[in-house]
Amino acid sequence: MGPPPVVTGISPKEGPPGTRVIVRGEFLGSRAQDLIGLTICGCDCLLSAEWKSQNKIIARSGPCKGRGDIIVTTRSGGQGTSTVQFRGYHETIGPMKESAVWVEEAPMQSFVWGRRALSPTNYQQEDPLGLSVEGNEKKFPEDELIELFGDGSGELASDKFHPGWFLLQHHHATTLDDLKAGLAYLRRKVHSQKEGQLSFLKANVGSVMEQLDTIVLLKEQFESDVQKHGSDPTTKLEKAIKESMAEANKLFDDVLARRDRADATRNALSLMQRYRFLFCMPVNIEKNIKRGNYDLVINDYARVKNLFGNTEVEVFKRVLVEIDERIGKLRNMLHKKLEEMPATLDEQKKIIRNMVNLEAEGDPAWDAIVSHARHLEKSITACVHEHLESESAGGDDSSKTPKSNGSTPMSVKQLRLYKNDINNAPVRVLCVEAICDVVMEQLPDLWRLGQSYFTGQLHVTVDIEKQIPFKNLVLSGMQHAANAMKSSCSSNLEASWLLYNLRCVRQMYASLIHLDLPNEALDIFGKFIFDLRFQCMAALFKQTAENIGALHRKETWQMECLYEDGGITRLPSLFEEMIMEVSKLSRETAVACGPREGPLLAGSAYQALYHNAVRTLFTSFARCLRQLAFSGSEDAMEDEEPSVSQLIASPTGYRTRDNKQHGPTWEQCLLISLSNIRYTLNTVLPRVVEFLKAQGYPELSTAVGWSSDWTELENLDAAVLDAYLERRCDPLVGTIEPSMYLGGLEWDSEVEPTHIRPYAQEALANLIAVHAEVRRVSPSLLKRVLSHIVETIAEELARLMSCVTKFGPSGIIQARADITLLSKALSRYSTPRARSFFEEALDVIPPPRNKEDASRIEALLFKVTRTMRLQLSCLTDQKPDNIIVEGIDSDRTTTVTIQILKFVGG
Amino acid sequence: MSKKPGATQALHKVIMVGSGGVGKSALTLQFMYDEFVEDYEPTKADSYRKKVVLDGEEVQIDILDTAGQEDYAAIRDNYFRSGEGFLCVFSITEDDSFQATQEFREQILRVKNDENIPFLLVGNKSDLQEKRKVSLADAQARSQQWGVPYVETSAKTRENVDKVFFDLMREIRSRKIEDKSASNGRGKDRAKRKKKKCIIL
């Protein structure tokens, strides 16, 4: 606790209530909050106190009267003391005092000491005894006075004035001497006043008389006036006063009326001001609606409803009606806006919230859902309409493009690249894409809106029964979209666009999966996607099949690679590559399962379709090969000449080579095709089967008709071989007879045989040519081809021999040597049938007549064998084979050798 | 204030007189609270009282700071009557205020009816020497004429502030002791004085 406050100064020390007082002292509080009390003369002045410093407080005095201490109370020092006093007084208003109050002046005229224009303050302080009051600070206690004198008073002017009270109050400390002096003073004063009046009159008799005269004059004048103007001159005056009063009243009435009006206007204005919120409401609503501040409008509306909802005031009611009207309009507008599409989910939610807040009738959220769904359906329809319309309008373009695209073969790689070229996309593809976009954009919103509706997030009373209609809405919307897309996809679109569509749809599907849609709904798209996937796959395979069909353009007839049994062209490997690629692509796209998708090829029906698709690839390849193989046939036919002996004219195949086209002859083509077919059958097919299996496709071997020439290649193989044989065999065999009888030679002529006959040599040479031709393409075909030719040759020889009517001895030798040599030379490619033909031919020829002949035949054979050693080795020995392949690397040599050994062994 | 300390402790009543704006309140506040007030606010009538130690004796000094303005001239009589000692202040920078001291002196003498009333002539604002209008000689001449001390003070620098109050209190104290010794004849004196005055009137 600090030291108590002490007030040691007051400025001013006296004053009427409300005087600004500076209180000074010590320890008047450490800060403003420390000051907790201030009384001046017992009046609490804390409210007006302004703490300045520890030494200074400024305050205003209260309605106190008389002297009193200034007591400061602080939190830190408690209640304080005062060394100085403040005197409060109530100012008596006098004529000399400036005042805001009307003061009646008349009584002041008759004031006792009227001539001394004393200020009331001075008068009050004047002591009637002429003694100083200042010394009498020690007051006589008032209660004692009351005790002594009852209801008396010390006030000089009071009716109950009691001299005793007065003396005790003011002079109880005055010495007797002073009191005596005072009494003398008082007496003297009274005396002088009494004396004064008389002596005054005496001294001024003249002027008094003069005044009397004047009064008499006045009286006479007055009386004459009365005579002149009547006894009562005031009537006129009264009338005038009344008139003026009436006039004044009139004036005042006017003024008052105006004032009343002004007051009324002011009241109205202030009322408007006070309820400005309400009155401005309609305008504000309009303004805020324009700005889109619906929240503000709703808030205001709620406030208005709260404040004035139950108002009885007519004006307010009118305004309320107007406001209600606007709000109604707003509701309608919001409702329309809600149905307006497109709108974002947030916007819609906001509007719904607004409408709920506006207590709109009906179920705005449900309306929004319905309109959303309707919009979805509508926009899908619009999408379809727009695209299909443009398709039909620009029908020429759209129908042309696919055709041109379809006619140009495209590799699978091109298919992939083609996707980027979206600008040229067919309308239907765009349509599907657009629908996907629409669904992706709107369905989530619809679904979420529904979710938030049913979870009560929209602050709407949830109608549980609407869940089923909602579901139906969603389902029908999705079904509609799916149908639209299906119809767009159903027409013959290219695989690339289908893939593009698939991608779009899948993207949409994925986005829908995230939405927690019911399975039922997802399945709609799931099924569609499944169909689309299959369609994609089928289209891919179909496209590839077409491309494969067009492969024949690529045939250059260049032998590209040598495999164990011979050469092939690029085609089989191209074919294989294409299959691999398409299978890979379709696996990556269509067959691969996306999220929430089932395996594509699970069902047996789909497997069969798949098998068919693969089979189509092969059959189309077969077709292609067939086309290739027989493409040269027409040319060859043109070149066809009657088969004549080579000894007369050179054989067709070799003659035309130089001056005609540089490509291979048809026969070579046939051979190459044959080789390709074999390669495809033996190597490519198993590889493809393995590859597809590895890719996760169903087993091919389970396909229907797998065992019976599934690929149609076997069939083709046979046909091609036949064609070739026909081409090679017929001329070869056909020349034997003419050559045999060339130059009029007959079997019965006596010519010493020195060599085998030219026809045999020719046949041999031709055979070697064929052998060479075949071998160049594919050694593995040698056996198949040559054995057939040999068989024919043998048959021809047998026929020819049997037709011979007569053999001469040398003819016998010749014939035997010929046949024997041929049968020996061709033994390697002789089938049992051929051998039997040879034997038959030999049987027809009569046996040699004697031993000599027989030995001659032997000698001849030996000789011919020696001279024709080279030719013969072509057809028989394995050595030349070895020689031929010697240039090639050792690995290959061994395998080839093994192959040949096998043949020999077989 | 309660009566007990007042009864035991000597109370010296000092009254500040002088023209408006010479620095009566400034001197008072400087003496009372060591505070120099710069802004001028005309005084009506302020009252200050505090304990001081005068030559080892604890006494109370009561200062009545009066209004210098002529408006209040009428009520001065009442105040002067209760004064025991007077500090008649003028500003050395203002000749009028110096001239006015004559009038105040006369009024005091008339009210107190006592030639030897404790009285000090104070020339304030001694810090403003450059603006001096009243020469030291003139002031001293007047004080000698009246038979009172003359002191120059500065309420701003507190020069001689304590001195004037304490000097005056000492005079009052010695005057009171004088009066006490002649207390018996005091009433008569006063009566005489009054009578004299009446005769004059």
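Predicted model: local features only at pLDDT ≥ 70, side-chain atom pairs only at ≥ 80, totals over all residues.
Residues are numbered from 1 along each chain as its sequence is written, and chains are lettered from A in the order in which they are written. Local features need pLDDT of at least 70, side-chain atom pairs count only at pLDDT 80 or more, and totals for chains, interfaces and linings use all residues, while side-chain values use heavy atoms, with hydrogens and water left out.

At the interface, 24 residues of chain B are in contact with 26 residues of chain A, contact meaning heavy atoms within 4.5 Å. The area buried between the two chains is about 2,000 Å², and carbon and sulfur atoms give 47% of this; buried area is the accessible area (1.4 Å probe) that two parts lose on being put together, summed over both.

Two salt bridges are counted between chain B and chain A, the criterion being a side-chain nitrogen of Lys or Arg within 4 Å of a carboxyl oxygen of Asp or Glu. One of the salt bridges pairs Arg24(A) with Glu35(B), with 3.1 Å between the closest N and O atoms. Ten residue pairs, both residues at pLDDT 80 or more, are in polar contact across the interface. A polar contact is a pair of N or O atoms within 3.5 Å; within protein, one must be able to donate a hydrogen and the other to accept it, and residues adjacent in sequence count only if both atoms are side-chain atoms.

On the side of chain B that touches chain A, two or more residues come from each of helix 2 (24-33), strand 2 (45-54), strand 3 (57-66), helix 3 (73-82) and helix 7 (186-200). Helices (H or I, at least four residues) and strands (E, at least two) are DSSP runs, numbered from the N terminus. Strand 2 of chain B gives the most, with six residues.

Strand 2 of chain B also runs antiparallel to strand 1 (residues 6-11) of chain A, joined by two bridges; pairing requires that DSSP finds at least two bridges between the strands. Within strand 2 of chain B, Tyr48(B) stands opposite Gly9(A).

In chain A, strand 6 (residues 50-53) contains Trp51(A). Trp51(A) has a relative accessible area of 21% and is therefore partly exposed, as buried means under 20%, exposed over 50% and partly exposed in between (1.4 Å probe, protein chains only). A polar atom of the Trp51(A) side chain lies 3.0 Å from the backbone oxygen of Leu28(A). For the backbone oxygen of Gly29(A), the distance to a polar atom of that side chain is 3.2 Å.
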